[in-house]
Amino acid sequence: MKQEKCKCEKNHPIVLQYDFSSLPFACANCNLDVDLGRLDIDDQWRKKVGQWMTKYRMAYLQWLDLDELTPELANPAGTLHELGFELVTHFNAQYPMYYWWHLDTAEQGNRCPKCQSDMMRVRNEYTGSHLVCNTCRLLVVIKS
Ligand SMILES: [Zn+2]
Ligand SMILES: [Zn+2]
């Protein structure tokens with residue numbers, strides 16, 4: 001759970017990222033919670049975000065419990081991530097957003113897990129850099 005809020009001087013893209021905190025919106029540069037003043041979230045979409053968080057929480061807990069990736073988390077085209085990408089596509093029309101992928105590059109490689117194309121490297125202040133696919137709006141963290 002993040003206690004701190006993003007204080008970056010510039011506005012960076014937002015990452016839709018489930019991490020057991022109450023807000024699934026993180027700054028792509030510092031990975032802290034962002035101020036949602038940047039987004040207009042109506043009741044319908046708030047509800048969808050809540051549904052996605054509930055699903056993600058269940059899949060995540062199962063993963064931690066079994067120490068084995070659930071088919072739902074592993075499959076970029078499954079119902080969990082389908083809902084996640086729907087949210088990102090919707091909000092991305094208002095403000096640049098990416099979908100956080102749960103594996104890092106060491107586990108995932110440099111290709112987009114969704115469309116298999118090469119991803120673009122972007123610098124950040126919390127891990128050094130991450131990779132993004134601008135077609136799928138997907139973000140994979142690079143850990144060294
Ligand atoms: Zn930030
Ligand atoms: Zn892609």
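## Basis of the description

A residue is termed buried if 20 or more other C-beta atoms lie within 10 Å of its own, exposed if 12 or fewer do, and partly exposed in between, with the C-beta atoms placed from the backbone. Helices (H or I, at least four residues) and strands (E, at least two) are DSSP runs, numbered from the N terminus.

This is a predicted model, in which local features need pLDDT of at least 70 and side-chain atom pairs count only at pLDDT 80 or more, while totals for chains, interfaces and linings use all residues. Residues are numbered from 1 along each chain as its sequence is written, and chains are lettered from A and ligands numbered from 1 in the order in which they are written.

## Overall architecture

The protein chain contains four helices and six strands. Read from the N terminus, its elements follow the order β-β-α-α-α-β-α-β-β-β. Its radius of gyration, taken over C-alpha atoms, is 14 Å, close to the 15 Å given by the globule rule for 144 residues, so the chain is as compact as a globular protein of that length; the rule is 2.2 Å times the number of residues to the power 0.38.

The C-alpha atoms fill a box of roughly 35 × 35 × 30 Å along the principal axes. Of the 144 residues, 29% count as buried.

Two strands are said to pair if DSSP finds at least two bridges between them. Strand β1 (residues 14-16) runs parallel to β3 and is joined to it by three bridges, with L16 opposite Y99. Strand β6 (residues 138-141) also pairs with β3 in the parallel sense, over two bridges; here W100 stands opposite L139.

## Two contrasting residues

C27 belongs to strand β2 (residues 25-27). It counts as buried because it has 24 C-beta neighbours inside 10 Å. Leaving aside neighbours within four places in sequence, C27 is in contact (C-beta atoms, placed from the backbone, within 7 Å) with C6, C8, H12, I14, L32 and V34.

T135 lies in the loop between β5 (129-133) and β6. T135 counts as exposed because it has 11 C-beta neighbours inside 10 Å. Not counting residues up to four places away in sequence, T135 touches C115 and S117. The C-alpha atoms of T135 and C115 are separated by 8.3 Å, although the two residues are 20 apart along the chain.

Definitions and conventions: Two residues are in contact if their C-beta atoms, placed from the backbone, lie within 7 Å.
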